[in-house]
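Thanks for coming, everyone. Let me put the structure up, and then we will walk through a few places in it.

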Amino acid sequence: MGRFIIRRLIWTVFIVLLVSVLTFLIFFVLPSGDPALRFAGKQPTAELIAQARANLGLDKSLPEQYWLFLKHLVTGDEYGWPGLGYSFHTRDAVLPELINRARVTGSIIIGGAALWMLIGVPVGVISALKRRTIWDRGLMGVCLFFVSAPVFWLALLSLLIFWKKLHWLPGTGYVAFAESPGQWFAHLILPWCVLALLYAAIYARIVRANMIDVVSEDYIRTAYAKGLSPRRVVMHHELKPALAPVVALFATDLGALVGGTIVTETVFNMQGLGNWLLIAANNNDLPVTMAVTIVVAAAVSLLTLVADVLLAAIDPRVRLQ
Amino acid sequence: MGFIVLLVLVALFAGPLASLIGHGPNELFQNDMLDDFGLPKGPNGDFLFGADASGRDVLVRMIYGTRVSLKVGLFATLVAVGIGVVLGLLAGYLGGIVDTILSRIAEIILSLPILLFAIGIVTACGASKEGCARGYVKPGVTLVVLISAFFTWPVMYRIVRGVVLSLREREFVDAARSVGAGPFTIMFREILPNLISPVIVYASLMVPQAILFEAYLSFLGLGVPDSIPSWGRMISDGSAIYDVAWWLIVFPGIILLLTVLAFNLLGDGLRDALDPKSDR
Amino acid sequence: MASRRTHLALLGTVSLVGVLGIAACGGSDDSSSTNTGSDTTATDGGGGDVLAASDTGFSTGSPKAGGTYRIATPDLGFTGGFDPSAEYLGWAWGLQQQLLNRGLVGYRHIGGTAGTEPMPDLAESIPEPTEDGTVWTFKIKKGVKFSPPLNREVTTKDIVYAFERMATPSVGAQYPNYFTMIKGFKEMSDGKAKTISGIATPDDQTIVFTLTKATPDFPYRLAMPASAPIPPEVGKCHTKAGEYGRYQLGTGPYMIKGADKMNISSCDAQKPIPGFNPTDGITFVRNPNYDAATDSKEQREALPDVIDISVNTNEKDVFDKVQAGELEEAAGLSVPPEVARKYVGDDTLKDRFRSNPEDSTNYVTMNLAVAPFDDIHVRKALNYAVDKQAMQRAWGGKLYGDLTGHVIPPVLLDGDTSIDPYATENSAGDVEKAKEEMKQSAYDTNKDGICDAPQCKGIVYLNRNYGAYAKITPILTQNAAAIGLGLDVKELPTGPAYETLQTVKNQVPIATNARWGKDYPDATTFAVLFDGRNILPTGNTNYSLVGMTPEQAKKLGIAYPKTPIPSVDADIDKCNDTAGEDRIQCWKDFDTKLMTEVVPWVPYMNALHTNLLGPAVTKWEYDQDAGESALAHVAVDPSLQK
Amino acid sequence: MSTDSAPLLEVTDLRVHFPTADGVVKAVDGSTFTVRRGETLGVVGESGSGKSITFLTVMGLINRQSARISGSVRFEGREILDASADEMRGIRGARIGMIFQDPMTSLHPMHKVGDQIAEVVRTHTDKSKSEAHRMAVEALREVGIPSPETRARQYPHEFSGGMRQRAMIAMALVMKPSLLIADEPTTALDVTIQAQILELIDELKDQFNIGVVLVSHSLATIADVSENVMVMYAGRPAELGSRDEVFSDAQHPYTWGLLESVPRPDIRVERLVPIDGAPPSLITLPPGCAFGPRCPHARTECTAEVPELRDRGAGHADACILATEEKGRLRAARMKALGVTT
C-alpha cells in the first residue's frame with residue numbers, strides 16, 4: 001500500500017511535469033504569442049519590445065525559461081511557495097489569486113458533487129429496484145434528457161427562467177461565504193443544480209446498471225437463501241458492490257472537474273480556475289496558464305490515486321499494485 | 001432512429017430546404033430583422049425561428065448546423081474508433097512493452113485537462129490559414145474532429161484492449177495459432193470480427209459525446225468559423241442577449257438536445273441488442 | 001499595442017457633432033426631474049460647493065459629497081501594472097490624473113472642447129517658453145503634500161525623479177518617446193548619463209526643462225501621468241516594470257486604500273498596498289493630506305468618500321447591477337444595445353444613458369503587400385462595397401458611432417466631415433460602383449466587376465471573436481463576396497488577434513480587429529500608422545505596410561508586390577513641420593491623399609463612448625481627455641444604493 | 001442408516017411456468033418426489049431439465065410475480081408453497097440450507113466469511129453478535145476448515161475453491177436445518193476436491209440426521225452418496241427410485257443414455273456414447289414424451305400423450321410407456337452393442 005502510494009505519487013509528479021512541458025510548448029507555438037508586445041506600449045519601438053521581453057524573462061532560451069519556472073516552483077519565489085510567479089496580464093502574484101479562485105471552483109464542485117450524489121445514487125437504486133416499472137422508465141428518461149442536454153444551454157435556460165423571468169434568484173457572480181452565507185448560497189444554487197443534474201443523470205445510469213448486474217450475482221441468491229429480508233439484501237449486500245465503482249468514479253470526476261467547470265464558470269460568471277484559464281489563454285498569460293494547468297493535472301492525478309485507494313478500502317479483492 | 005434519419009436528410013438537403021424557405025445561411029437581413037440598435041427581431045411568418053444578432057435566419061442556420069454536428073459526430077468517432085481499435089488490438093494481443101507504452105499514453109491523455117489543451121491547440125492551429133502540422137490540420141471542422149478524436153481514442157482503446165485480453169486466451173485463437181497464423185492475421189482476421197459488437201456499442205455512444213464536444217468548443221468560441229453555422233456557436237452568440245432574444249438559445253438548444261438524445265437512445269438500443277450482458 | 005483599448009487619452013478640440021447626435025437622450029428640456037446642462041444650479045452638499053454639470057454631463061437632485069461610488073470593469077487591463085511611469089491605458093490615466101496624483105498640467109475632466117484645454121495643476125501657471133521655445137520654466141504650488149505615510153511636501157526633485165524613471169529601461173516606461181526631445185534624456189536612457197542634463201531645479205519650487213527643439217505642445221505632454229511627481233524614497237525601491245503600481249503614493253484627493261499603513265522605513269519593509277489587487281480591483285479612499293485650497297473645483301470636485309472599482313468579467317451581470325443600483329457604473333465596457341434600447345425608450349431613464357465622442361476610428365485595414373489588395377482598384381472597390389450602415393448597426397446603431405469616410409477623426413481636422421471619396425447612399429454600400437472600380441483591376445480578368453483571379457479566393461480575414469467585432473465578420477464577408485472577394489475568416493481573442501496582426505511575417509491581408517485612438521490632439525498621432533519608417537517585424541502598427549520599401553520587405557522576409565507600394569512619408573514630414581491653420585489643411589490634404597491614392601483602409605465609423613449611470617448617481621461628467629467617466633466630478637446618493 | 005417414516009420434504013405434481021413474450025416456459029412441469037431425514041436424494045438431469053428451478057421453488061426463491069406455480073410442497077408436514085414471504089424467510093437458512101454450484105461467486109466478496117455466516121444466525125435468532133460469531137467459527141470448524149478463528153476474519157478471495165464450498169456448507173448448516181439442498185456443489189471444483197466435498201456432505205448428513213438433496217448433471221457424482229435418485233428431463237421426472245434400482249435396472253431410455261455417457265467404476269464400458277440431439281425448447285415441448293425426438297426407441301404411441309410416472313414397485317417409477325419386458329430387451333441389446341460386461 002505504502003509503496004503503491006509512493007509509486008503513484010512519483011507518477012503524479014511525472015504527469016504534472018509532462019503536462020507543464022506540453023503547456024509550455026503549446027504556449028510558445030502559439031503564433032506571435034508574445035506577451036511582451038502588450039507591455040511595450042501603443043507605439044512600440046524595437047527597444048521597448050526587447051525591454052519588455054527582458055522584464056518578463058522571455059528573452060531567455062526556452063529550456064532556460066522552463067528551468068527557471070521549475071526552479072521557482074520547487075524553491076518558491078518572492079510570493080511564497082510554490083513559486084508561480086506573477087501574471088503577464090495583471091502583474092499580480094499568481095499564488096494568492098490561485099487560492100482565491102480555487103475556493104470559488106471548490107465551492108461549485110463540492111456543492112454540486114454533494115447534490116449529484118444525493119440525487120444520482122438514490123435515483124439509480126430506486127430505478128434498479130423498480131426495474132421495468134413506470135418509475136424506472138420515467139426516471140431513466142429524465143436521466144437521458146440531462147445526459148444529453150449541453151450544460152451551457154441548461155445554464156443559460158435556467159438563468160433565463162429563474163433569474164430573468166421569475167426573479168427568484170439574485171443573478172450571477174460569486175459572493176464569498178465569509179461575506180454573506182445567504183448570498184453565497186443563493187448565487188451558487190443554480191450552478192450546483194446545473195452541474196448536479198448532468199452528473200446525477202450519469203451517476204443514476206451507472207448506479208442502476210451496477211445494481212442490475214449485482215442483483216443477478218450468485219451471492220445475492222445466497223443472501224436470499226439465508227433467509228434475509230429483501231431490505232437487508234439491498235442495504236447490506238447489493239449497495240456496497242454496486243456503489244464501490246461509483247465512489248472511485250466520483251473521486252476521478254472531482255479531479256477532472258477542477259479544470260472542467262470552464263463552461264459553468266463562464267455562464268454563471270464565477271471567477272474560478274476554469275474562467276481564469278480561459279482568460280489567461282486568451283491573453284497569452286503563461287504563468288497563470290502554467291499554474292492552473294499544474295493544479296488541474298495534479299488534482300486529476302491525485303484524485304485518481306484517492307479513487308484507487310478508496311476502491312481498495314471498500315473492495316477487499318482489489319489489491320494496490 | 002427516425003429522428004436521426006430525418007437529421008441526415010436535413011443535412012443532405014440543407015440547400016434545397018433553405019431555398020424553399022428563401023434565405024441563405026449567411027444571408028443578412030439587416031434592414032428587415034434588426035432594429036435601430038442592431039438587435040434581432042423574433043419569430044414571425046417569414047422567419048419562423050426569428051433572426052440572429054447579424055440578421056440571419058435562425059431556422060436556416062439550424063438546418064445547416066445539422067451538417068457540422070453530424071460531420072463531427074461521425075468523423076470524430078470514426079477516427080477515435082480507428083485509432084482505439086488498432087492500438088487496442090496491438091496492446092491487448094502483443095502485450096509486453098507495446099501494451100505498457102500504449103496504456104501509459106492513453107492514461108496520460110485521459111488525465112490531461114481536455115478543454116485547456118483544446119483551447120491551446122485551437123489557438124495554435126487556428127491562427128493562420130495554413131493551420132498547423134505542415135498544413136495538414138486546417139482550422140474548422142477538421143480541427144474539431146481531430147481534437148475530439150485525440151482525446152477520446154483512449155476510451156475505445158481501453159475497451160478493445162480489455163476484450164482482446166480475454167479473447168486472446170480463447171480456443172479459436174489457439175486454434176489459429178496452432179495452424180501457424182501470424183500475429184497480424186490473428187489480430188485482424190480472428191480477433192477483430194469478435195470486437196465488432198462492443199465497438200459498435202461504444203462507438204454509438206461516442207457520437208453524441210463528439211457532438212456535444214463540438215458544441216462546447218463552439219460555445220467557448222473555439223469551434224468552427226462563424227460562416228459555417230453550428231448549434232453551439234449559435235447558442236454562444238445568443239448568450240449575450242438571451243434575455244431580449246430568447247429564440248437564439250431556445251431553438252438551437254432544443255435541436256442540439258434532441259440530436260444528442262437521439263444518438264444516446266440509439267447507443268442504448270444498440271447496447272441492449274448487441275451486448276448480451278446488458279438487460280434493460 | 002494600446003490601440004486595442006478604446007478609451008485612449010485624447011487632447012485637443014472636440015467636435016460637437018457627436019454630442020448633438022445624442023441630444024435626444026441627453027437633452028435638458030425634458031420633463032423628468034433630471035437637469036443637465038449649464039442651467040443646473042449648484043447645490044450645497046455636506047462637502048461644499050458642487051459645480052453645475054457641463055453640456056455633456058449629468059446631474060440630478062442635489063449632488064452631495066460622501067458615499068461610495070462603485071464601478072465594475074471586466075478587466076483592469078493595466079498595461080504597466082498601474083505604475084504611473086509605465087502605464088499606458090487611457091482609463092488608468094484618468095484614475096492617475098483625477099484621483100491619485102497631480103502633475104504640472106491638468107485638465108477640467110469634462111466633455112467637449114473645454115475638457116481638453118490644458119490647465120495648471122501642480123504648476124502655478126503654464127509659462128510661455130523662452131529661447132525659441134526650447135526652455136520651459138515651471139513654478140509649483142506650495143503646500144501640496146504626499147499622502148500618508150510620507151506626509152511631506154512635494155518638491156520639484158520629485159518631478160525630476162519621475163523623468164529619471166522614464167529614462168531607466170528596467171522601469172518599462174511605455175511612452176518615453178514623448179520626452180526624448182528633452183536634453184540629455186536619451187543619454188540617460190542609453191546608460192551614458194546618470195541624470196538628465198536638460199532638467200534643472202534651481203529650488204524646490206522651480207523646475208526648468210531645456211529641450212533640443214521647439215515643442216509647442218510640451219504642456220500637453222506634461223499632462224501625461226508619467227511626468228507627475230514620484231517620491232524617490234518609495235519609487236527607488238521599485239524599478240522593475242510595473243512594480244511601483246502597487247506602492248504608489250501621490251498628491252491627489254484620493255489614495256489607494258491602505259496606502260497610509262505602508263511601512264516605508266526601508267525598501268524591504270514595504271509591502272504592496274492592500275487596496276489594489278490587479279485581479280480583483282482597486283479601492284480609493286480620501287487622502288487626508290489633500291488640501292482642496294491648492295486645487296480648483298473645476299478640475300476636481302472629489303465628492304464620493306470612496307471610489308471602489310471591482311473586476312467582474314460578466315458584462316451582462318455588470319449592467320444588470322448598474323440598472324439595479326448595485327453599481328454606479330461600468331468601466332471599459334460599452335453599454336449593451338439592449339440596455340440602451342430600454343433606457344432610450346423610457347423617459348425616466350434616458351438621461352442615464354450617455355453617449356459621447358471617443359475620437360477614434362473603426363476601420364477595415366488592407367495589406368498593400370498581399371494580393372489582391374496590392375491592387376488599388378480592389379481596395380477602392382471594397383470601399384464602395386462595404387455597407388457601413390450595417391457595420392454601425394453591428395456596434396449598436398447611431399448612438400454608438402458616427403459614420404465616416406476617411407482616416408482621421410473629423411475633430412482633428414477642425415470638424416471637417418467632407419472627405420468622403422467613396423460616398424454611397426445611406427452609406428449602405430454600392431455594389432455597382434464597386435464593380436466599376438473592380439473592372440479596372442488586374443484581378444478581374446474578364447472585366448465583369450467580379451474579382452475572378454485565383455488570388456481572389458481564400459483571402460484570410462482576421463477579426464476578434466466576440467461582441468460587436470464578431471458581428472462585423474458576416475457583413476464584411478458578404479460585402480466582399482459581392483465583388484468576388486472570398487474571405488476566409490480567422491477569429492481570435494483580442495490579444496492573439498492583435499499579436500497576429502502586428503507580426504508582419506503573418507501577412508494578414510485584411511482585418512477588422514483593430515481600432516485606433518490617439519494620445520495627442522493632432523493628426524500626427526494617426527499619421528504614424530502610415531509611416532513606412534515605423535514598420536517593425538513585431539509590434540508593427542502600420543498594418544497596411546504603407547511606404548514599405550523593397551529593402552524593408554527583404555529584411556522582414558516577406559515578398560514585395562509587383563506594383564510598388566506608395567509612400568506618404570514625405571507628406572507626414574511636411575505636415576509635422578507645418579504650424580497653425582496650414583497644419584490642419586495639410587493633414588486634410590494628407591487624409592484625402594491617403595483615401596484616394598493609397599487607400600489602406602475602409603474607415604467606417606468614429607465611435608461614441610457610451611456610459612450607463614446607476615440610479616444612485618446624482619452627478620456625472622465625461623472626461624474628454626481620458627475618454628471615460630470623470631471620477632473627479634461624480635457624486636452618489638447612498639440612500640439610493642442597493 | 002436411520003430413516004424417519006414421515007417424509008421431510010414431499011413434492012407433488014409441482015409445476016413452475018414462466019409466461020414470457022415468446023410463450024410459456026414450462027421449466028418444471030409435474031415434479032413429484034419425497035426426501036426423508038438421513039437420506040440423500042440425488043437429482044440428475046441436463047441443464048434446463050428443471051432441477052435447479054424445482055429446488056429454488058422449494059426455497060421460495062422464485063418470484064411469484066413472474067412465475068405460475070402449482071402443485072404441493074410439504075416440508076416438515078406443512079404446506080409451504082402458499083406460505084407467506086415472512087414464513088418462508090423463517091424457513092430459508094434456518095430449516096432448509098442451500099449451497100450452490102460456484103463457491104467462487106456465491107459468497108459475498110466484500111464481507112468477511114465469518115460475518116456472512118454469523119448473519120444467518122443473527123437473522124434467525126436473537127443471539128448476540130459475539131455469540132453469532134462464535135457459532136460461525138464453530139460451523140467452520142465442523143466443515144473441516146483449519147484454524148477457523150482466523151479464517152472467519154478473512155474474505156472469500158483469500159479462500160481456495162474447496163474451502164469456499166466448505167464455508168458455504170457451514171453457512172447452510174449453521175442453524176442446524178433439517179434439509180440441505182446442494183445445487184451442483186462440486187461442478188466448479190477440481191476433481192480431488194469434489195470427492196472431499198461430497199464426503200463432507202455425506203458425513204454431515206449422518207452427523208445431524210438431515211435430509212439432503214444433491215443436484216447434479218452427472219450420475220457419477222451422486223452415485224456414491226445418494227440413497228435415492230431422480231432423473232429429470234424437460235421439467236419432469238423421467239425415472240425415480242433407489243440408487244441401486246436406478247443404476248442396475250434403469251427403465252427409462254434417457255437414464256440409459258445418461259448411464260452410457262459417463263464412465264462408471266462398477267461397469268466396464270468399451271466406449272462412451274453421448275446422447276444425440278439437444279434438450280427441447282421448454283416453450284414448445286414435443287407432443288407426448290418430451291424425450292421422444294431424441295429417443296432411438298421412440299414409436300408413434302410416444303407422441304400421443306405425455307406419459308405418466310408409473311410406479312413399478314419398491315419406490316421405483318419411470319415415465320416411459322414401453323412395456324417392461326421390451327425395455328429389458330432393448331437395454332440388453334444396447335449393453336451388448338457397447339461391449340459392456342457386468
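I start with one definition: a residue is buried if 20 or more other C-beta atoms lie within 10 Å of its own, exposed if 12 or fewer, and partly exposed in between, with C-beta atoms placed from the backbone. This is a predicted model, where local features need pLDDT of at least 70 and side-chain atom pairs count only at pLDDT 80 or more, while totals for chains, interfaces and linings use all residues. Residues are numbered from 1 along each chain as its sequence is written, and chains are lettered from A and ligands numbered from 1 in the order in which they are written.

Take Ile80(D) to begin with. Is Ile80(D) buried, exposed or partly exposed? Ile80(D) has 19 C-beta neighbours inside 10 Å, so it counts as partly exposed. Ile80(D) sits in the loop between strand 5 (78-79) and helix 2 (85-91) of chain D. Helices (H or I, at least four residues) and strands (E, at least two) are DSSP runs, numbered from the N terminus. Leaving out residues up to four places away in sequence, Ile80(D) touches Val73(D), Phe75(D), Met88(D) and Ile91(D). Contact here means C-beta atoms, placed from the backbone, that lie within 7 Å.

Now chain D as a whole. Chain D has twelve helices and twelve strands. Its radius of gyration is 21 Å, close to the 20 Å that the globule rule gives for 342 residues, so chain D is as compact as a globular protein of that length. That radius is taken over C-alpha atoms, and the rule is 2.2 Å times the number of residues to the power 0.38. Buried residues are 46% of the 342 in chain D.

Next, where chain A meets chain D. On this interface, 17 residues of chain A are in contact with 23 residues of chain D. On the chain A side, helix 8 (218-225) and helix 9 (230-258) each give two or more residues. Helix 8 of chain A gives the largest share, six residues. By class, the chain A side has six nonpolar, four polar and seven charged residues. Ala, Val, Leu, Ile, Met, Phe, Trp, Tyr, Cys and Pro count as nonpolar, Asp, Glu, Lys and Arg as charged, and the others, Gly among them, as polar.

Stay on helix 8 of chain A. Six of its eight residues are buried. Among them are Tyr219(A), Arg221(A) and Tyr224(A). What covers the buried residues of helix 8 of chain A includes helix 9 of chain A, plus strand 6 (96-99) and helix 3 (103-106) of chain D. After helix 8 of chain A comes Gly227(A), with a positive phi near 90°.

Last stop, chain B. The axes of helix 10 (residues 231-238) and helix 11 (residues 247-274) of chain B come within 8 Å and cross at roughly 155°. Axes are lines fitted to C-alpha atoms, for helices over the stretch in contact, and angles run from 0 to 180 degrees between N-to-C directions. Helix 10 and helix 11 of chain B are therefore roughly antiparallel. For the cut-offs, under 35 degrees is roughly parallel, over 145 roughly antiparallel, 65 to 115 roughly perpendicular and the rest oblique. The residues of this contact between helix 10 and helix 11 of chain B divide into eight nonpolar, two polar and one charged.

Conventions
Contact = placed C-beta atoms within 7 Å.
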